[in-house]
Amino acid sequence: MKNKSLVSITDFSKDEIMRIVELAAEFEANPNQKLLDGKVVASLFFEPSTRTRLSFETAITRLGGGIVGFSDSSSSSTTKGETLKDTTIMVSNYSDLIVMRHPLEGAARYASEQASVPIINAGDGANQHPTQTLLDLYSIYKTQGTLDNLNIFLVGDLKYGRTVHSLLMAMSHFNTTFNFIAPDSLKMPDEYKLFLDSKGIKYYEHSEFTDIISAADILYMTRVQRERFSDPIEYEKVKNVYVLRNSMLNNTKDNLRILHPLPRVNEIHTDVDDNPKAYYFQQAENGVYARMAIIASILGLK
Amino acid sequence: MKNKSLVSITDFSKDEIMRIVELAAEFEANPNQKLLDGKVVASLFFEPSTRTRLSFETAITRLGGGIVGFSDSSSSSTTKGETLKDTTIMVSNYSDLIVMRHPLEGAARYASEQASVPIINAGDGANQHPTQTLLDLYSIYKTQGTLDNLNIFLVGDLKYGRTVHSLLMAMSHFNTTFNFIAPDSLKMPDEYKLFLDSKGIKYYEHSEFTDIISAADILYMTRVQRERFSDPIEYEKVKNVYVLRNSMLNNTKDNLRILHPLPRVNEIHTDVDDNPKAYYFQQAENGVYARMAIIASILGLK
Amino acid sequence: MKNKSLVSITDFSKDEIMRIVELAAEFEANPNQKLLDGKVVASLFFEPSTRTRLSFETAITRLGGGIVGFSDSSSSSTTKGETLKDTTIMVSNYSDLIVMRHPLEGAARYASEQASVPIINAGDGANQHPTQTLLDLYSIYKTQGTLDNLNIFLVGDLKYGRTVHSLLMAMSHFNTTFNFIAPDSLKMPDEYKLFLDSKGIKYYEHSEFTDIISAADILYMTRVQRERFSDPIEYEKVKNVYVLRNSMLNNTKDNLRILHPLPRVNEIHTDVDDNPKAYYFQQAENGVYARMAIIASILGLK
């Protein structure tokens with residue numbers, strides 16, 4: 001993995017994914033390893049994303065690395081008309097690694113072709129967010145003891161949510177059974193269903209959010225993201241459709257864990273928060289360990 | 001004090017206040033103590049406050065800690081509709097301590113009830129700003145050699161200024177005599193006068209800013225804060241009423257020191273700056289040592 | 001140089017310039033020197049400048065120093081009406097060194113007169129940007145092996161560009177021959193030509209961008225900066241006048257190197273980027289080493 005950029009979850013093989021998951025467990029057991037001592041990581045957020053940025057910057061700081069960068073594009077030199085190419089080359093001459101969030105799809109791939117240091121994609125528009133996927137996998141592994149042969153329910157906005165798309169691609173290595181629960185206007189796109197077909201992976205589609213979740217090992221809830229809708233009326237119509245409440249969890253499996261990439265708006269009622277099956281806040285914490293693992297692997301420090 | 005949040009100055013007993021003051025003196029004598037090595041402090045400023053943020057971040061840096069966070073809410077995930085509860089839980093899963101500034105009164109208390117790590121309130125609206133009070137106390141102690149039996153004059157906006165309210169509460173432990181100098185529209189609220197009455201503490205009210213200050217040990221000037229007024233005309237009427245000029249200091253006591261929480265606008269004329277009784281810039285510096293003491297105490301590192 | 005602010009390139013003698021250049025080479029050979037361990041540098045950017053800020057913050061981080069500050073004035077207390085004097089005094093009470101970028105000419109000089117710690121000017125309006133000049137000198141020295149007796153072409157906006165003005169002043173120590181290539185509306189101002197006359201330094205003016213560059217050792221391209229024009233039509237007229245293309249480099253000297261302070265807009269075509277004579281991205285990297293050298297010198301750490 002050394003010196004390889006992480007742009008899409010498909011850049012990593014099954015073995016590489018397992019290596020990250022195991023390494024994340026190592027960092028969780030022993031988080032203060034100054035492997036980045038003397039190194040500088042550029043944290044370039046061309047759009048704000050507090051959670052992802054803080055998670056990365058915590059990971060870098062716990063590894064002993066220095067951070068330079070910006071948290072939104074208003075303070076970047078793109079306001080002076082600079083191209084992404086020039087910004088990337090410049091910053092790769094300053095730093096040992098670049099973490100990049102960008103509103104445009106494909107930005108991370110393009111940057112990785114210009115930079116002289118590895119790029120970690122921290123989200124490029126609706127396209128990819130591979131470190132989210134790796135922390136999801138680590139969370140599944142920690143709570144289920146394995147990634148193999150699980151029954152995973154994906155709920156909510158399955159059309160626009162890059163998180164569920166990437167998770168689907170990654171879990172395709174592990175003989176997963178998928179259940180998709182979404183309103184008609186937000187169904188899983190055909191391209192992902194064809195992909196699963198081609199790999200012989202089973203999936204089932206539902207439009208009602210009912211007690212079918214009693215079969216789930218993982219219930220992966222997603223936010224209906226206001227910022228992905230051009231029409232606010234369309235957003236208002238679907239935003240309250242699939243809300244998880246504590247009472248819906250009565251007949252679910254003991255090993256069920258509820259994940260959510262956060263931030264949630266109202267798709268998980270707060271009465272779920274104290275249920276031991278709620279795992280979304282620990283999942284966020286796992287992001288720090290997963291990102292430590294990713295950074296250490298890419299820089300060849302582990 | 002270990003693992004206890006600091007939300008209001010009333011969270012600390014007289015002994016705890018004295019412990020912070022003494023510890024601040026230790027840090028001033030020896031500021032480079034890497035007690036926070038390997039720790040991460042989240043610095044969450046939901047509204048900008050350069051002075052307070054820089055003071056905290058300097059304190060954390062001098063203690064060897066790492067910092068993650070944001071300097072205004074535009075780059076926080078609250079813009080995606082996330083609740084303060086969720087943001088707090090998430091960040092407390094990343095960090096060892098949270099420093100929080102928020103425009104809403106009560107935000108820090110609420111956050112402290114959600115978080116799994118201690119919260120330090122760096123100001124919540126018009127409500128509380130306890131670390132300002134502790135640095136004020138350290139400044140008074142350093143310049144007067146004691147906190148006991150002093151004559152403290154509070155001048156300016158005594159109605160809206162949280163700084164003077166908290167200082168009044170804290171000094172009530174130390175047999176202070178208070179003098180309040182304010183225009184009628186900005187007088188000290190009754191609730192604080194009742195509080196002093198209940199403790200048997202003497203106070204005197206004045207509406208003229210005259211040579212009555214000759215009795216003062218501490219002259220605490222405050223800014224008439226434009227952002228607290230809904231009516232700009234009302235602000236214009238009072239903003240120039242109580243301006244301290246160097247000529248007014250002729251008959252004051254040798255041990256008098258002039259404090260101000262800063263930033264000042266024009267309520268202390270710049271001709272005071274070179275008078276040895278002017279202490280507001282050193283007071284700001286004391287803030288770094290006071291905050292080092294607070295952080296170290298709360299994390300149980302001293 | 002110890003404890004001396006760097007406001008203008010004219011603050012440094014020829015010997016001091018050479019000392020910085022040599023020290024930059026030392027830091028490039030051995031960049032991880034924790035000379036700033038336990039020190040705090042305030043990075044105060046009253047206007048955004050990503051490149052300069054990231055370069056400074058990388059330099060400080062590689063030296064092991066801590067950073068506090070802000071990246072634009074919206075999160076500074078100037079929005080509460082605080083004067084530059086008060087902000088400077090406050091911050092100099094927190095930190096060991098201040099790096100300051102400010103939109104107003106003269107701001108850095110004024111601040112250096114208030115502060116109790118040294119100030120490094122990171123650009124004050126159209127006036128001065130001395131660390132850019134020192135990294136330019138280091139780049140010239142590295143690529144030419146000397147600063148003496150070179151033929152330097154300055155191209156583009158020679159009227160408003162502070163970069164070329166400061167470079168001209170600095171190179172006047174080294175028996176340079178200058179060639180100025182600019183449209184009539186953007187010619188080198190008379191004051192700089194009179195300065196060169198007074199030092200007996202040769203210069204030639206051209207209004208066409210032709211094969212006269214075959215004599216150049218250094219071709220210093222500059223951006224026509226949109227933000228310096230009050231009239232957008234005037235900007236549109238001149239912005240495309242002097243564009244360097246790869247085909248124009250055929251008859252140039254082997255030792256020619258092309259510099260640009262970056263960001264470029266379109267004044268260097270991207271087909272130049274792969275030409276070995278293109279040096280602007282390495283020049284940006286040199287900025288980190290030059291700034292390490294400047295900081296270490298001013299703090300007396302080397």
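Mentor: Between them, chain A and chain C bury about 2200 Å², and 51% of this area is on carbon and sulfur atoms. Buried area here is the accessible area, found with a 1.4 Å probe, that two parts lose on being put together, summed over both. The size of an interface is often given in this way, as the accessible area lost when the parts come together. In terms of residues, 25 of chain A are in contact with 27 of chain C, contact meaning heavy atoms within 4.5 Å.

The model is predicted; local features need pLDDT of at least 70 and side-chain atom pairs count only at pLDDT 80 or more, whereas totals for chains, interfaces and linings use all residues. Residues are numbered from 1 along each chain as its sequence is written, chains are lettered from A and ligands numbered from 1 in the order in which they are written, and side-chain values use heavy atoms, with hydrogens and water left out.

Across the interface of chain A and chain C, ten residue pairs are in polar contact, both residues being at pLDDT 80 or more. A polar contact is a pair of N or O atoms within 3.5 Å; within protein, one must be able to donate a hydrogen and the other to accept it, and residues adjacent in sequence count only if both atoms are side-chain atoms. On the side of chain A that touches chain C, β1 (40-45), β2 (66-70) and α3 (84-94) each supply at least two residues. Helices (H or I, at least four residues) and strands (E, at least two) are DSSP runs, numbered from the N terminus. The largest share of this side, seven residues, comes from α3(A). By type, the residues of the side of chain A that touches chain C are eight nonpolar, ten polar and seven charged. In this division Ala, Val, Leu, Ile, Met, Phe, Trp, Tyr, Cys and Pro count as nonpolar, Asp, Glu, Lys and Arg as charged, and the others, Gly among them, as polar.

Charged pairs also cross the interface. Side chains of opposite charge can pair when their charged atoms come close. Five salt bridges are counted between chain A and chain C, each being a side-chain nitrogen of Lys or Arg within 4 Å of a carboxyl oxygen of Asp or Glu. One joins Asp96(A) to Arg62(C), at 3.3 Å from N to O. Over all chains, the count comes to 45 salt bridges.

Another salt bridge links Arg62(B) with Asp96(C), their closest N and O atoms being 3.4 Å apart. This pair joins two chains, because Arg62(B) lies in helix α2 (residues 50-62) of chain B and Asp96(C) in the loop between α3 (84-94) and β3 (97-102) of chain C. Arg62(B) is buried, at 11% relative accessible area, whereas Asp96(C) is partly exposed, at 22%. Buried means under 20% relative accessible area, exposed over 50%, and partly exposed in between (1.4 Å probe, protein chains only).
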